Structure formats: structure tokens, C-alpha cells
Amino acid sequence: MKVLFISANTEQINMPVIPIGLGCVATATQKAGHEIFFVDLMFESNPENRVRQVIAEFQPECIGITVRNIDNQNIEAPRFLLDKVRSIISACRSVSGAPIVLGGAGYSIFPESALEYLKADMGIKGEGESVFLDLLSQIESKQGIKNTPGLYIRGHGFQPLKKVSNNLDNFPLPDPHLLFASINENKDIWIPVQSRRGCPFMCSYCSTPSIEGTNLRKRSPENVANYLKEWVEAGYTNFYFVDNTFNLPPHYAKDLCNEILKKELDIKWRCIIYSKFIDVELVQLMAKSGCKQISLGFESGSGQVLKNLNKRFSREDIRTVSNMFADYGIEQTGFLLLGGPGEIQETVEESLEFADSLKLDFLKITIGIRIYPETKLSEIAREQGIIKQEDDLLYPSFYLSPHLTKEWLSERIVRFKTSRPNVLA
């Protein structure tokens, strides 16, 4: 079959994003023998015209569209982003009758409501490599769509039992050639690499379980290092491990660093660190293998608020981890998420004072927490009357502790930033 893949994301909320998830599904589709065309709309001046042009030339028999961002997650200036995606789908409809299938992180959080809003035909919740191939076979056979785990069909609901693979080596990493066009438009790109999927920690606000599940699944360190080598040979040396928790499990992280060293890859890389389950040996290996930056998402400096967010680490854990990375010259960006359950003015002050005491290079502060379905935070918000029982949360709703006002919190952060140029908010 001829399959068109479209990355509909045009938002650069923190940085331009390379569509690696779509690249994984497209690569799997190509390896299965289908003819594919890959389009990233991030830097297109007229995305609708580009889509119509590609469809007219390629004549796809199926169109896969990834939906990454539902909104900008900003309580002070919220923006709903799906209208742009709906315009892309309308452009596809105007020139093609091919079935349109949605996927991606944002879609997976809202599989039914997003599908209905966007008026696509179908959507896949979670990883799509195997599910999408099953779906293509059924479309090709023209015998109807049935028994496809993880698939949502508009007007017909969900076909149960989401399909996941416990061994990510069963799925190919995205072909670099598919991503070159996206990367060449971004001069300061860090190539995203995902070596693991899933997170077992169930933080009270986190959408990862809806997207990747709670079972931590891994690619072999050798395969990941070989993939990095492929990029290095193409002239790219900056990488961003987008795994939710690079240091989990610690032995895997060490094996991955050792593979990078074994292949003598002269690279720079950054990652996301969970503020526990790390030792000096791992930090040494990270530094030696090229790690230059980490994101340290500790979210709060209050012990009680950390418990309320279901964090599995303490203030002492955070400080220990921060000190270790500082000792090895690895740049740290810390993250505070203020206004969660149980937050009061005193815990805000405690968090700001604690963040000030750490050896951070940058600190990013977020006010309020975007509420996602199927999270503990959504249950709390309903109990407290912050959201209605029937709210599907597709349009952005935010949790802010009833003990705080947005005005006080915003003003406090402005005062905190005044003498601290390394604070972002």
C-alpha cells in the first residue's frame, strides 16, 4: 500500500520537536514492504497547501497523522492546539478519500474525544508499530476492520487490549533519512533517541501511563549505540535521550554508557534524571560517555508535597543527586511544579528556598498542573469541584491548590526571578 505519514505539529513550545514516534511507525511500515511518504509540517509556511500538494502527487491509500500537543500547558495563557490539526485533516479530506488514522502522544491521552473532535476515521492508542501494520493488512484485504487491539474507530468505540511489546528491539528505530528534512531546518538540533518506554512510578499528574504504560521496556544497549553511530557517521553528534527516566534501571543506564564508550563515539548528549536510584559510578560513566546536561524534575522542595505528587524520593535524595552531577561538571536544569495538592504559601517558600540551595545551572518554574484523565490528580480535582465529573479534559483544565491564588503565586515568582537570571518561568 501507499501510506502517507504526516507530523501535524507546528508548535515550538520549548524547542522544535523531531517526530521520532511517527518515524518509528513509518520505518516499520516501510520495512513491511509498503511504499511510504513522510512529511513534517513543523517549518511549513502553509501546511494545508503542502498536504494537498503531497497527496495529489503521491495518491496515498492510507494517511497516518501524529498528534503530539493538545495545548500549551500554560495556566496563565492557555492555548488549545487541535484546531490546526483539524485544518490539516480537512485539507486531506478535500483531495483524498483515503482513511485517516491518528496516533501520537497527545492523541493517546484522549483517544475518543480527540478522534471525535478531529473527525478522523480511526486512532491508535499507545505504540503503533504493530497495530498500524495489522490495520493496513485489514484495509488492504477489504474484509473490514476487526480485532485490532488499541484501535479506536469513530462512532464505534474502542477495540480492547492495547498491544505492547515487552522487547523494543522488535521495533525498528526511526530511519535517519526520514528525519533529515526536519533536522536540516533546525540548526541547533539535538537528535532525539528513545531507548526505553514506560514508567512504573505513577506520579499523580503524569500522562505517561496513558501513552507508554507502566511497564518499563528497553532496547538493547548495543542496538541503541549502533543507532547513535549511524547518526555520527551522517555528521550529527548532539543527542537527547527522551526516555522518561534515563537512570532507570541503573544497570541498564550503565550498560548503555559502556556501549557508547566501547564504540568510541565522540558525542554530546543530555537526558532526564529521576531524583533517586543513582550512584557515583553511573554519573562517572555518563560524564565519560559524553553527557553534558540533565533535566532534574524534582517538582517540589516540600516533603509533604512530594508525597502528594506520589514522588518516590526525598529532599535529601534530590540534593545528593544534584551534588553528584555538579561534582562531574554536568549542567543541571531543575524543575519546580508549584500549586499541586496540599500546596500552601509556606510550601511554596520552602520549595523556592530549597531550589536556591541546589547546584543548578537553570531552574524552570511552572505554575499550576495540567489535569489529565486517568490520573490521581483528576480524581482529586473532581472531589474538590475543580472539574466536573463528566469533563473529558480535552480542553485544558488546571489544578491549583485551593490554598493559593494564581495572582499571589505569579507575583511571588516574578519577585523570585528578579535577582536570578537563571530562572525561567
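In what sense do E4 and strand E5 pair, and over how many bridges?

1. This is a predicted model. In it, E4 and strand E5 (residues 122–124) pair in the parallel sense, over two bridges. Within this pairing, Leu 102 stands opposite Gly 123 in E5.

2. Strand E4 also has a pairing with strand E3 (residues 62–66), in the parallel sense and over four bridges. Here Gly 103 in E4 is the residue that Thr 66 stands opposite.

3. Strand E4 spans residues 100–103, and both of its faces are covered. In a regular strand, side chains alternate between the two faces of the sheet. On one side of E4 lie Ile 100 and Leu 102, on the other Val 101 and Gly 103, and all of these are buried.

4. A separate point concerns Glu 11. This residue sits in the loop between strand E1 (2–7) and helix H1 (20–31). Glu 11 counts as buried because its relative accessible area is 8%, and the cut-off is under 20%.

5. What does the side chain of Glu 11 meet in a polar contact of 2.9 Å? The partner is the side chain of Lys 84. Leaving aside residues up to four places away in sequence, Glu 11 touches Met 42, Asn 69, Arg 79, Leu 81 and Lys 84.

Terms used:
Residues numbered from 1 in each chain as written. Predicted model: local features only at pLDDT ≥ 70, side-chain atom pairs only at ≥ 80, totals over all residues. Heavy atoms only, no water. Buried < 20%, exposed > 50% of the residue type's maximum accessible area, 1.4 Å probe, protein only. Polar contact = N/O pair within 3.5 Å; in protein donor to acceptor, adjacent residues only side chain to side chain. Contact = heavy atoms within 4.5 Å. Pairing = 2+ DSSP bridges.
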